[in-house]
Amino acid sequence: MNRPDPRLLLGATCLAGPIALALLSLAWTPFAVNGLDIAHRLLPPDAAHPFGTDGFGRDLLSRSMAGLRATIATALAATGLGAAIGIPLGITIAASHERRSAPLRRLADLVFAFPPVLTAAMLAALWGGSAAGAVVAIGAFDVPVFARIAAAAALPVLAQDFIAASRLAGRGPLGVLWWHILPNIAAPLIVQASLQAGIAVLAEAGLTYLGFGLPPPAPSLGGMLKDYQSALGAAPWLVLIPGALVTLLVLGCNLLGDGLRDRLAR
Amino acid sequence: MPRPALAACCALLAPSLTLAAPAAAATPDTLNIGLQLEPPSLDPTTGPAEAIRDIVYDNVFESLTRLDEHGSVQPQLAKRWSIADGGRRYEFALDTGASFSDGTPFDCAIVKFSLDRARAPDSLNPERAFYAPIASISCPAPDHAVITLSAPDSEFLYHLAWAASAMVAPATAATNAQHPVGTGPYVLENWKRGSSITLSRREHLRAPIPAIARVSFHFIADPLTAADALDGNRLDGYVNFPNTDMLSRFQGDPRFTVLVGRSPIKLIWALNEARAPFNDLRVRLALAAAIDRYAIVTGYANNFATVIGSHDTPEDPDYLDLSAHAPYDVGHAQDLLRQAGVAAGTVIEIALPPTDYAHKVGDMLAAYLAQVGLVAKLVPMQWPQWLGDVYGHANYQTTVIAHTEPRDLDIYARPHYYFGYHDTVYDALFAQYRTTTDPAAQHALWQKLQQRLADTQANVFIAALPRISIWNARLRGMWRDEPIPLNRIADLSWTP
């Protein structure tokens, strides 16, 4: 009997709490996310406010729950966007003649050269900071990552006889892609998706920290780190808790990715 | 490390890396001062930004008069003056021993050029209205200027002390924005964009020679980075420290002097009355009643600020305390909004310049608007965008802004100011005030003006902000209060 990989278990454990809090925030938070309570400002964690309160008396647990929701949603959407464009692109590159696919390869290289921060800054300059801008910026960076993984994985699959047989049987390019190629390259893509999700969490926190992500007053983990950093001396929990949540998410994604890689390689 | 992760880590570490460590104050005649904002230019006669005045005024540029720490008008390039003809004729004896840093001598021709340029129809001067009463400027002698006004102006000498009234030379006026040339004791040594501006003491100055030979202004917007720079002796002072929660870190430390003084800075929620629904008095009153200004003062300024009810601050001797005006009353605010036909869910845009106060107060305003059924859309902006869209073209709904100019009730009488405020009663009162020379009548009129602004809820007036500065304890000569935004380096010196 196969014993579960400890990294899988640890990764899932790291992610379970934050994801549960984020999902719960859709229906309930202990206090209003933006509700002011000046009389109870800068309270350390206690029974009423397990994560304490900020300088405006806002409940940090409620804000962290909403912030987690925003961060996780952005990370998933960005990773999904990158995968949705990158995987078909990579398979197209693998299936095409090298000379014909050269422009696509160069395009992928060009996109890869733009870090999300730069892309998000450009989008923010055009349309203002937004969650959609962060999704596009991070997702655009993910496109060449998924394209490369998909192309590398698809090349040996495309050389298999059953692919030629399927074509001879009359299946079109999309059918071959969906029924034969994707199932055979899914393992490395799933691993990469979990790793990219961790990177996306960190990138989202960085972008909102810089003001290129979800605009205030909606809470975000990066925004909280930015807003509360000056209170590090007087109220360290304001920074430590959002920082710990980002760490948990990233660590969970990475451990999950590592565990999945080994598990799927067996 | 994958690039996105590296970029994000860099972003998270940015505050601790943004300060290119300036040299510590090892020598007794150099100074490193931290400021929040970098000025967009260095010409106070064409740019309205306070950051310009913070650096160049009274250091590089001088005016005919100046304000002392208590806000009193003192001689500067005008050694003395007399007023005649019922307040219409001002005669100035000029300090012709003064000169510009490029060698241009200062005389009456400079006065005439500077003030004619400031009041010209195509003038870019941010306070052009100050010079509207000037009918003529004549020069009977190089050291003697006569300014004739079309009507008495009780604030004329006071306005001449502002940075916008700085004396400039014809040959260099057009290039002062980048290469400032003034009569002050300091000249621009270098400007590292995005980082610092260094001024150095002019050679061949007349006594008294300023003790500080070189001063660098470092632009550090993040309070934590600024605090670390002070703690690490990389800054000798920080003017207008933005985060009151961090003051306790310095107040008990013998290495620092923390000065909490009075200033003319008014934190307001400005409403564009040229646009609906802010042209409706009921809406303006509703917005004022919707917010708890005392809570904002506690939440943002840790009770270091003072709640106000009009566009004036307690440091002004003519201040009228209207802090009880428009008290926090959610029910009343909702009633007024209903009467005005403002539907629940209406979106109110709040433009936020890139300052700590704007973002914190903007967050709180959003929460208060939600309580009365409105939705705040916070629009963060960089200064060039704010100066262009909001201040320049009045293309905004509302904005959170600190007005730093003292006794600036005249802005509500300006026809094209960005508030879009037009009130004939106010205009008549202001015209009456401006031509009144009796101090008691002036005092009464000034208070009536404040009352009128409160009654018409010209804006939502939130708080008078203090001037909080943190200095190396060995420095002497710093101003506690700030009657007008400036940092007079010539007054500073190191104790042995």
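User: Which residues of chain A does UniProt list for "domain: ABC transmembrane type-1"?
Analyst: Residues 68-257 of chain A, according to an unreviewed UniProt entry. UniProt positions follow the numbering used here, feature names are shortened, and annotations may be inferred rather than shown by experiment. This is a predicted model: local features need pLDDT of at least 70, side-chain atom pairs count only at pLDDT 80 or more, and totals for chains, interfaces and linings use all residues. Residues are numbered from 1 along each chain as its sequence is written, while chains are lettered from A and ligands numbered from 1 in the order in which they are written.

User: How much helix and strand is in residues 68-257 of chain A?
Analyst: That span is 83% helix and 0% strand. Its end C-alpha atoms are 20 Å apart. Helices (H or I, at least four residues) and strands (E, at least two) are DSSP runs, numbered from the N terminus.

User: Where does UniProt put "transmembrane region" in chain A?
Analyst: The unreviewed entry places that feature at residues 70-95, 107-128, 134-158, 189-214 and 234-257 of chain A. Take residues 70-95 of chain A: 100% helix, 0% strand, with end C-alpha atoms 37 Å apart. Residues 189-214 of chain A are 85% helix and 0% strand, and there the ends lie 28 Å apart.

User: What about α4(A) and α7(A), at what angle do they cross?
Analyst: Roughly 40°, with the axes coming within 10 Å. Axes are lines fitted to C-alpha atoms, for helices over the stretch in contact, and angles run from 0 to 180 degrees between N-to-C directions.

User: What do we call the two helices, α4(A) and α7(A), at that angle?
Analyst: α4(A) and α7(A) are therefore oblique to each other. Under 35 degrees counts as roughly parallel, over 145 as roughly antiparallel, 65 to 115 as roughly perpendicular, and the rest as oblique.

User: Is the crossing of α4(A) and α7(A) left-handed or right-handed?
Analyst: The crossing is right-handed.

User: Which residues of α4(A) and α7(A) meet?
Analyst: Pro116(A), Val117(A) and Ala120(A) come from α4(A). They meet Ala203(A), Gly206(A), Leu207(A) and Leu210(A) of α7(A). Contact needs C-beta atoms, placed from the backbone, within 7 Å. This set divides into 6 nonpolar, 1 polar and no charged. Ala, Val, Leu, Ile, Met, Phe, Trp, Tyr, Cys and Pro count as nonpolar, Asp, Glu, Lys and Arg as charged, and the others, Gly among them, as polar.

User: Switching to the contact between the chains. How many residues does each give?
Analyst: Chain A gives 32 residues and chain B gives 29 residues. On the side of chain A, α4 (116-127), α5 (131-158) and α7 (173-210) each give two or more. α7(A) gives the most, with 7 residues. By type, the chain A side has 21 nonpolar, 10 polar and 1 charged.

User: Now chain B. What does UniProt say about residues 73-389?
Analyst: An unreviewed entry marks them as "domain: Solute-binding protein family". In the model the span is 26% helix and 24% strand, and its end C-alpha atoms lie 35 Å apart.

User: In what order do the strands of the 6-strand open sheet of chain B run?
Analyst: The order is β14-β18-β13-β17-β15-β16, and the pairing is mixed. Strands β14 (306-307) and β16 (375-380) of chain B are the edges, each pairing on one side only. Two strands pair if DSSP finds at least two bridges between them.

User: Which helix packs on that sheet?
Analyst: Helix α8 (293-301) of chain B does, touching β14 and β18 (460-464) of chain B. Its direction makes about 45° with that of β18(B).

User: How many bridges join β13 and β17 of chain B?
Analyst: There are 6 bridges, between residues 266-271 and residues 398-403, and these strands run antiparallel. Trp269(B) stands opposite Val400(B) in β17(B).

User: What about β8 and β9 of chain B, how do they pair?
Analyst: β8 (186-192) and β9 (196-201) of chain B pair in the antiparallel sense over 6 bridges. Val187(B) stands opposite Ser200(B) there. Their hairpin has 3 residues between the strands, and Gly194(B) takes a positive phi near 80°. β9(B) also pairs antiparallel with β10 (214-219) of chain B, over 5 bridges.

User: Where are the cis peptide bonds you can show me?
Analyst: One joins Pro216(A) and Pro217(A), with omega about 10°. Pro217(A) is in the loop between α7 and α8 (221-228) of chain A. Another runs from Ala276(B) to Pro277(B), with omega near 5°. Pro277(B) lies in the loop between β13 and α7 (281-290) of chain B.

Notes. Two residues are in contact if their C-beta atoms, placed from the backbone, lie within 7 Å. A crossing is left-handed if the near helix is turned anticlockwise from the far one by less than a right angle, and right-handed if clockwise.
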